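Dear colleague,

I am passing on to you the structure we spoke about, with the sequence beside it. Please open it first and look around for a while before reading my notes below.

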Number of protein chains: 2
Amino acid sequence: MTAPVTLPDTAPLVLTRCRDLVRPALSRAVQRLHPWHAGMAAFSLGWSDVDGSPLPGPQGKGLRQALAVLGAEAAGGPGEDAVVGAVAVELIHTFSLLHDDIMDGDETRRQRPTVWKAYGTGPAVLAGDALFALAVQTLADAPGGYGAPAVRRLASALSDLVRGQAEDLLFESRPWTGTGAVRPQEYRSMAENKTGALLGCAAALGAELAGAPGGTADALDRAGRHLGVAFQAVDDLLGIWGDPAATGKPVHSDLRRRKKTFPVLAALASGHPAARRLDTLLSTGGPLGEEACRRAAGLVEDAGGRAAALAEAHENLASARDCLERVPLAPAAHEEILALLPFLVRRTG
Amino acid sequence: MTAPVTLPDTAPLVLTRCRDLVRPALSRAVQRLHPWHAGMAAFSLGWSDVDGSPLPGPQGKGLRQALAVLGAEAAGGPGEDAVVGAVAVELIHTFSLLHDDIMDGDETRRQRPTVWKAYGTGPAVLAGDALFALAVQTLADAPGGYGAPAVRRLASALSDLVRGQAEDLLFESRPWTGTGAVRPQEYRSMAENKTGALLGCAAALGAELAGAPGGTADALDRAGRHLGVAFQAVDDLLGIWGDPAATGKPVHSDLRRRKKTFPVLAALASGHPAARRLDTLLSTGGPLGEEACRRAAGLVEDAGGRAAALAEAHENLASARDCLERVPLAPAAHEEILALLPFLVRRTG
């Protein structure tokens, strides 16, 4: 099967359909939390403001819940089979945002204060824990004897997720170049763990909950992991060249913070003359000002870092497609999964 | 069956035997973590120092792992059956210490720096998450089809645990007296959730993993919950009148922090004339100095708060014993569980 021609607006429609299917169960799950934690969860999910007043429309894309639903449908089951898994992965995603924002010191997300900024660090740690516990509880209660393998897969993804976050945090203290520098393969492993593990888990859980054979779930899991690397590469591109109006972050934000992102690492490893100038610029102490950021972005581009990150994203999307080709999937759901892939890369635009 | 006469040193022997049984599997589990997280876990467990150098002897009592092992033995199985559950509850206990110390701002624990103080807040949040994920993963992999019910029980205990911590944190902003004051029953519920849920889960998991019927596991769970309330009441007594050399905390530490503990709440609710003086003292702004703390401790005692907390501990230990009487348990293990109970109260010394 070759990649089908899809209408440009298929992806948003797919995301909306899956969100609508999952939302009632996700709302019910959140209501099981202590009211304090339910409030923080609703705030983080974009459902309500700090004072509890409802906000119109969905804030997040809901990519993980969509992958769970499409995983079930790709396995020939109804999307409803995946709902318990979709709820679990959305809760885990929300938990990881709450805790990651604390670790990264991020004060805003999607143009709103982060949970720790709005409610305090301690409450945000605890609300994250509550979401984590609720996700495991939700999945363990899955009907039809699917609870045990589903929890095993989620727990394994969670271990990878925290490992990836650890790798990312430890990158910060490593040198830009030389023997201690972060190699592209280490970056890929970090991105696969930090972002890919949960995306893969989402799709695989959906398939498993619909009774798919292990091979199908594993193929979806691998596809999701490639998708995670692509997603992270695109995120890195947006962190340097993204439109602040669209990303909600200041221009060059990742450069300003001297974040070890794929474009920068690829540029430094390129051997291009611009790489040495970039290294000098990044290795100078003190904050990186507006002009220095602009110069750094230019040097990353000159040394091929931007092109390398874009290629990394495209290669991993191709690998994700390959994974999906190797197992029998229901054609309509397969097509909808494929429709989500370019949607991710269009985010660079 | 009446409470058996036990030699005074039975409890430490029981704890040591259970720790020795669980330790190899717990060490192997910790080794599965990212090395950074394994180091923080080993530090928190008292196995090693910040620089990774090994420390002699066990630091924690290991009450939770002991309850898991004894739960299996009480159900007529070998203690080995419980090891996977014992590892899970110890990992969860360690996770909760890491995160609670962040939320409470505690800088020392057992005369050593807390993990966030030694390694930083972000790393401590992440290490806690890693321990949480590892606990779920360990239990989900339990052999013999026991994984699913075991994970369900752990997840339920985890939800209670974070709910209890939320209740405790929210007590801080409530008034000492009047309609918004924390009622003793609310305090009991908090203690049962925060401390009892995991103790009960430990004993019940052990029994379940040894193939006990649901009724036996549930009785052990309820006993552990009573034990948790007793444990918390004793902890509160130690937080006011404990010997700093034994507790590792400054004298009157809970009063200094204006913590809403059972002795204080019971004193304020007593109607005794000392209660009003205590209320005035606690409601005055600014830090509570050494002399004010001494006066407050005296007023709590005069108003019957110390006696009430001790009675609360004893009543809950009696209720725990009652729960154990109602189901058939292997006599030797039953006796060893009973031996642990007074050991807890002796901590008040």
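What follows is a description of what I found, going from a whole chain to the contact between the chains and then to a few single residues.

Please keep in mind from the start that this is a predicted model.

Chain A contains 16 helices and two strands, and its C-alpha trace spans about 60 × 50 × 35 Å along the principal axes. For 349 residues, a compact globule would have a radius of gyration near 20 Å, and chain A agrees with that because its own value is 20 Å. Buried residues account for 55% of the 349 residues in chain A, and, of the contacts in chain A with a separation of 6 or more, 72% are between residues 24 or more positions apart.

The contact between the two chains takes 32 residues from chain B and 32 residues from chain A. On the chain B side, helix 2 (35-44), helix 4 (83-104), helix 6 (121-140) and helix 7 (147-171) each supply at least two residues, and helix 7 gives the most, with 14 residues. Sorted by kind, the residues on this side of chain B are 19 nonpolar, nine polar and four charged. Since 100% of the interface residues of chain B are also interface residues in chain A, the copies meet through the same surface.

The largest nonpolar core has 250 residues, and those with the most contacts inside it are Val151(A) and Val151(B). Leaving aside residues up to four places away in sequence, Val151(B) touches Val136(A), Ala140(A) and Val151(A), as well as Val136(B), Leu139(B) and Ala140(B).

Within chain B, helix 3 (residues 63-74) is worth a careful look. Helix 3 of chain B has twelve residues and reaches 16 Å from its first C-alpha to its last, close to the 16 Å expected at 1.5 Å a residue. Is this helix covered or uncovered? Helix 3 of chain B is mostly covered, with twelve of its twelve residues buried, and among them are the charged residues Arg64(B) and Glu73(B). Just after this helix, Gly76(B) takes a positive phi of about 90°.

Val22(B), which lies in helix 1 (residues 10-31) of chain B, is buried, with 27 other C-beta atoms within 10 Å. Not counting residues up to four places away in sequence, Val22(B) touches Gln65(B), Val69(B), Val83(B), Ala86(B) and Val87(B); of these, Ala86(B) is 64 residues apart from Val22(B) in sequence but 6.8 Å apart in space, C-alpha to C-alpha.

In chain A, Cys18(A) is found in helix 1 (residues 10-31) and is buried, with 28 other C-beta atoms within 10 Å. Cys18(A) touches Gly62(A), Gln65(A), Ala66(A) and Val69(A), again not counting residues up to four places away in sequence.

With best wishes

Note on methods:
Residues are numbered from 1 along each chain as its sequence is written. Chains are lettered from A and ligands numbered from 1 in the order in which they are written. This is a predicted model: local features need pLDDT of at least 70, side-chain atom pairs count only at pLDDT 80 or more; totals for chains, interfaces and linings use all residues. A nonpolar core is a set of buried Ala, Val, Leu, Ile, Met, Phe, Trp, Tyr and Cys residues joined through C-beta atoms within 7 Å. A residue is buried if 20 or more other C-beta atoms lie within 10 Å of its own, exposed if 12 or fewer, and partly exposed in between; C-beta atoms are placed from the backbone. Two residues are in contact if their C-beta atoms, placed from the backbone, lie within 7 Å. Helices (H or I, at least four residues) and strands (E, at least two) are DSSP runs, numbered from the N terminus. The expected span of a helix is 1.5 Å times one less than its number of residues. The radius of gyration is taken over C-alpha atoms; the globule rule is 2.2 Å times the number of residues to the power 0.38.
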